[in-house]
Amino acid sequence: MRKKVIFRGVALPYLLLVPQLAVTIVFFFWPAGMAVWQSTLRQDAFGLRTEFVAFENFLDLFGDALYLNAAWNTVIFSSSVAALALGAALFLAVQADKHIRGAGLYKTLLIWPYAVAPALAAVLWLFIFHPSIGLVGRAFGAIGIDWDYRVNGGQAMTMVVIAAAWKQVSYNFIFFLAGLQSIPTSVLEAAAIDGARPFRRFWTVIFPLLSPTAFFLLVVNLVYAFFDTFGVIHALTRGGPGNATETLIYKVYVDGVQNLNFGSSAAQSVILMVIVIALTAIQFRFIERRVHY
Amino acid sequence: MPTATIDVEALAAASRRRKARERFLTHLALILGIAVFALPIWITIVGSTHDTDTIGRGDVPLLPGTEAIHNYTTAWFQGGGGRNTFAVPASTMLWNSLIMAILIAVGKIAISLLSAFAVVFFSFPLRMVFFWMIFITLMLPVEVRIIPTFQVMTDLGLIDTMTGLTLPLIASATATLLFRQFFLTIPDEYVEAAKVDGAGPLRFFKDVVLPLSTTNIAALFVILFIYGWNQYLWPLLMVSNRDLETVIVGLTKMIGIGDTQNEWNLIMTTAVFALLPPVAVVVLMQRWFIKGLTETEK
């Protein structure tokens, strides 16, 4: 799209673009380029010699049990977070969409967790599930469940999934509610007159009309679970116990910052960049299609 | 027939009862949902009003205690938390978070307004190349390129500075796209009129474009303020000088490995401090928040 009437000027538009472009080049293109370059290099243990190894860092990753473990953790973690956050949000949005008293108040009380930082959400749930100071953690202990997410990998994964999903529900809720409210009442009335029961009405009429929103949210939730949940894992489990909650993004941090293995960390960054670009491309293709409807 | 009228009344009563039951179940579901959201917050607020021993013993209190004033003043002026960490007062951390969030939000909005204005209202060589250069950054969240970006910051000598903390997060494809989209809806007649009146592009920007953009700016500000306030990985890497500590990172440092001997009451107090500003922004600016959220993501 293009405007017909525009201003003349040669230097001015470039001047206006300079701040944005400068920040973009210095903090996006330079580091992204460095990541690609470093992913083909390997340093010796003392950081004295660097040699060019082409794709060896990538090949090593795909043969590394710890990396495959992190990839598998990411799959489990992301799909659980997305399923939990989308399911809960859809349920609440359907309830809040009904014409009941206090709908506005319910809405306000359901959207505020969006403002809570992922790391802070983790801390709040730690207060609940901590085995010695947490309400639920102690209750588990009292009824004989051996609860300590600091030593049990499965419990640690459950914790990070709950904390990460809890924070994302309100985001999904806002979009589902907007989607529900844009469905014309005439469609719903027609279905009701045809004698469709509420449950059937939901799955045959409402849900198909919501599916564009649901698909959009699915991609957003996956991106969130992949990249924005570093804080949840760092605050709660540090990737542990063992490597039970180490996801791909957490491993980039561990290898780059703690193990100072820059070649491998850069290769992992490049893989993540490819994943993000793929997810974004899917999102855009899909949005373009929706525009044509 | 009398039986028919009875049937109708019975049916109507049954339908009323069913509607009432449905309404009750709806309210119940929503209240349960809200309770799940509110439970961790309630526990945290209650915990922030008790003394260290009560929480350390594991007697999880469900009702507020009497230590609120002591906890809140201690956390605000001195800080606390872990046994082995150097305490940073909550006031310092909150100040740093506030400055960081505002600089990021204002910075993103400012440079995006300018670049969107250039792309929409001018025609110049390489216009689309520049637009795509900005656009592609949408796909690269800072978390993905964190280590190389950190190395760039080291080369530039920006480690442990507020500039280093905020500047790399200021580039924003989202805001540029939103403003571009909005600018395209400004009628051509406005530009014509400005030209006839002899107003240059900068005058047009200041007197027409900016006033028209105020709701968009407000909506974006809410979203970007929360984005800035909630940053975690970047400040964790960039800042080792604890005078620059932001509250979210500082809070998790207070917890450390989750030691039972921590001063949990002060940690919970600091958590309340960390929660309040962004939650207040969302609740008080709800209309703009929802507008910003639904428009930036499309």
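How many helices and how many strands does chain B have?

Mentor: Chain B has 15 helices and zero strands. Residues are counted from 1 along each chain as its sequence is written, while chains are lettered from A and ligands numbered from 1 in the order of writing. The model is predicted: local features need pLDDT of at least 70, side-chain atom pairs count only at pLDDT 80 or more, and totals for chains, interfaces and linings use all residues.

Confidence comes next. For chain B the mean pLDDT (the predictor's confidence in each residue, from 0 to 100) is 84, with 93% of residues at 70 or more. Within chain B, helix H2 (residues 52–57) has the lowest confidence, a mean of 77, and helix H4 (residues 90–121) the highest, at 92. Where pLDDT is low, the predicted coordinates should not be read in detail. The model as a whole has an ipTM of 0.85 and a pTM of 0.87.

Now the overall dimensions. Along the principal axes, the C-alpha atoms of chain B fill a box of roughly 85 × 75 × 35 Å. The radius of gyration of chain B is 27 Å, whereas a compact globule of 298 residues would have one near 19 Å. That radius is taken over C-alpha atoms, and the globule rule is 2.2 Å times the number of residues to the power 0.38. Of the contacts in chain B between residues at least 6 apart in sequence, 75% join residues at least 24 apart; a contact means C-beta atoms, placed from the backbone, within 7 Å.

Chain B is divided into domain 1, residues 2–77, and domain 2, residues 90–296, with bounds from an automatic or database domain assignment. The C-alpha centres of domain 1 and domain 2 of chain B are 35 Å apart. Where they touch, 16 residues of domain 1 of chain B are in contact with 14 residues of domain 2 of chain B. On the domain 1 side, H1, H2 and helix H3 (68–77) of chain B each supply at least two residues. H3(B) gives the largest share of that side, six residues. By class, the domain 1 side has six nonpolar, eight polar and two charged residues. Here Ala, Val, Leu, Ile, Met, Phe, Trp, Tyr, Cys and Pro are nonpolar, Asp, Glu, Lys and Arg charged, and the others, Gly among them, polar.

Chain B also touches chain A, through 81 residues of chain B in contact with 81 residues of chain A. Helix H1 (residues 2–47) of chain B makes the largest share of the chain B side, with 13 residues. That side of chain B holds 55 nonpolar, 20 polar and six charged residues.

For reference, the partner can be described in the same terms. Chain A comes to 12 helices and two strands. With a radius of gyration of 24 Å, well over the 19 Å that the globule rule gives for its 293 residues, chain A is therefore more spread out than a compact globule. The C-alpha trace of chain A spans about 75 × 75 × 30 Å along its principal axes. In chain A, residues 24 or more positions apart account for 70% of the contacts with a separation of 6 or more.

Methods
Helix = DSSP H or I, 4+ residues; strand = E, 2+ residues; numbered from the N terminus. Contact = placed C-beta atoms within 7 Å.
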